[in-house]
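Subject: Handover of a structure, with notes

Hello,

Please find the structure below, followed by my notes on what was found in it.

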Amino acid sequence: MDRTEEITLIKEIIGLAEQKSAYLDASISHSPISRYCSPDRFERERAMIFRRKPTVAAHSSELAEPRAFLARDVMGLPVLLARDDSGQVRAFLNVCRHRGARLERETSGCKRVFTCPYHGWSWTNDGDLRAVPQEAQGFPDLPRSERGLRRLPAAEAHGFIWVIADPDAGGDLNVDNWLGGMAAELDWLALADHRIAVEETIEIAANWKVLVEGGIEAYHFRVAHAATIAPHFPDNLSTYQMFGSHMRSVLPRRTMTALGDTPEQEWSIRKDANLLYSLMPTTQMLVQQDHIVWINSTPLSEGQTRMRLATLVPADTPDTPQMQAHWEKNHKITHMTLREDFDLGEEIQAGFASRGNPSHLFGRFEGALNRFNLLVEELIAG
Ligand code: FES
Ligand SMILES: [Fe+2]
């Protein structure tokens, strides 16, 4: 974000506060509940979005060293991420090419060769088949080049490792094509110069879109977050901006509405607002004053979502017990606040079976939710 835009965004918030107005779309909209609770719909989202679009698989700092690897679930696929000696990152299916055993059982480590725990076939970390026990007798004329690890399109950019979770996708992954104008925003956040200080993984019995929707309006703050963050935020005041399929939300603190009395050169959006970056489909970054909470979701079914919450902190902050306590305290506050959203999400999901509502209603100040859903509709339509 450049300085002109930063000032413009702050002025927009101050202006809305002065007018005592929320940020309004042209009209209300409806969201059919079949979007959130239909297995067929979920399968279409999996085929057209989760398995087709670039997705964040890891932070670069998790795979920092040459020969480092990570084995994790990416959009429901067992994936092996590996950095070679030259620093390049590759992604493979973590599936043995002999008879399908899970090739790497450890979740992280350093290796140049991966050896299958079943019969001992092995591959180098660039995916080439290296050795087959008793090959000459058992597998005469084995076409070795056809038995490399199944590769997924992968790239490292803006501090993250991105993957397309489809071994049939082929080709390269151009992250900046997918990010559009959001790429410059991620550069502004300097995510590559961060490390993970605290992390946790939780499963929530709610559709992934219900959980995204819970984060992109401030209408609920006063009521749902009365016991946590509400006192720090003005009632129902937030704005949003689109970057292709991605969204940035500005969630001002009360302090921002009083900035009109201070000189512009002292304004800082990160000091007086939370920014929420929602990268389609399932990565969100809640940018706070001195750290960023990175939320990576894996939709497991139409009613179940796994979420990893990681507090990213500037890599050059001292790694002392005092600082660690500070990050853990902040992570806990975010967790408590998000838990209020997640509990509501689970209750909403449980209510779908009642068929009490054919659709949900988005007010004019909940326009971001409509925009998000329309983008999802566009993607599943191809
Ligand atoms: S299944 Fe992996 S070596 Fe046989
Ligand atoms: Fe919330």
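Does arginine 308 count as buried or partly exposed, and at what relative accessibility? Arginine 308 has 13% relative accessibility and therefore counts as buried, where buried means under 20% relative accessible area, exposed means over 50%, and partly exposed lies in between, with a 1.4 Å probe and protein chains only.

Before going further, please keep in mind that this is a predicted model, in which local features need pLDDT of at least 70 and side-chain atom pairs count only at pLDDT 80 or more, while totals for chains, interfaces and linings use all residues. Residues are numbered from 1 along each chain as its sequence is written, chains are lettered from A and ligands numbered from 1 in the order in which they are written, and side-chain values use heavy atoms, with hydrogens and water left out.

Salt bridges

A search of the whole structure finds 25 salt bridges, each being a side-chain nitrogen of Lys or Arg within 4 Å of a carboxyl oxygen of Asp or Glu. Arginine 308 takes part in one of them, meeting the side chain of glutamate 62 at 2.6 Å, N to O. This pair links distant parts of the chain, since glutamate 62 sits in the loop between β2 (55-59) and β3 (68-74) and arginine 308 in strand β19, 246 residues apart; helices (H or I, at least four residues) and strands (E, at least two) are DSSP runs, numbered from the N terminus.

Another salt bridge joins glutamate 377 to arginine 41, with the closest N and O atoms 2.9 Å apart. Because glutamate 377 lies in helix α12 (residues 367-380) and arginine 41 in helix α3 (residues 39-50), the pair ties together parts that are 336 residues apart in sequence. Glutamate 377 is partly exposed, at 25% relative accessible area, whereas arginine 41 is buried, at 5%.

A further bridge, of 3.7 Å from N to O, is formed by the side chains of arginine 339 and glutamate 346. Arginine 339 is partly exposed at 23% relative accessibility, and glutamate 346 is partly exposed at 25%. Elsewhere, salt bridges with shared partners join Arg35, Arg41, Glu45, Lys209 and Glu377 into one network.

The two domains

The domain assignment gives domain 1 (3-52 + 180-380) and domain 2 (55-172), the bounds coming from an automatic or database assignment. Their centres, taken over C-alpha atoms, are separated by 33 Å. In the contact between them (heavy atoms within 4.5 Å), 24 residues come from domain 1 and 17 residues from domain 2. The area buried between the domains is about 1,600 Å², of which carbon and sulfur atoms give 59%; buried area is the accessible area (1.4 Å probe) that two parts lose on being put together, summed over both. Phe50, Arg51 and Trp294 supply 31% of the area that domain 1 buries against domain 2, more than any other three residues. Between the two domains the count is two salt bridges.

Aromatic pairs

The structure holds twelve aromatic pairs, meaning rings of Phe, Tyr and Trp (its six-membered ring) with centres within 6.5 Å, where planes under 30 degrees apart count as stacked, over 60 as edge-to-face and the rest as tilted. Phenylalanine 42 and phenylalanine 50 form a tilted pair, 5.8 Å centre to centre with 50° between the planes, and both are buried. Phe42 and Phe50 also belong to one aromatic cluster with Trp208 and Phe372.

Best wishes
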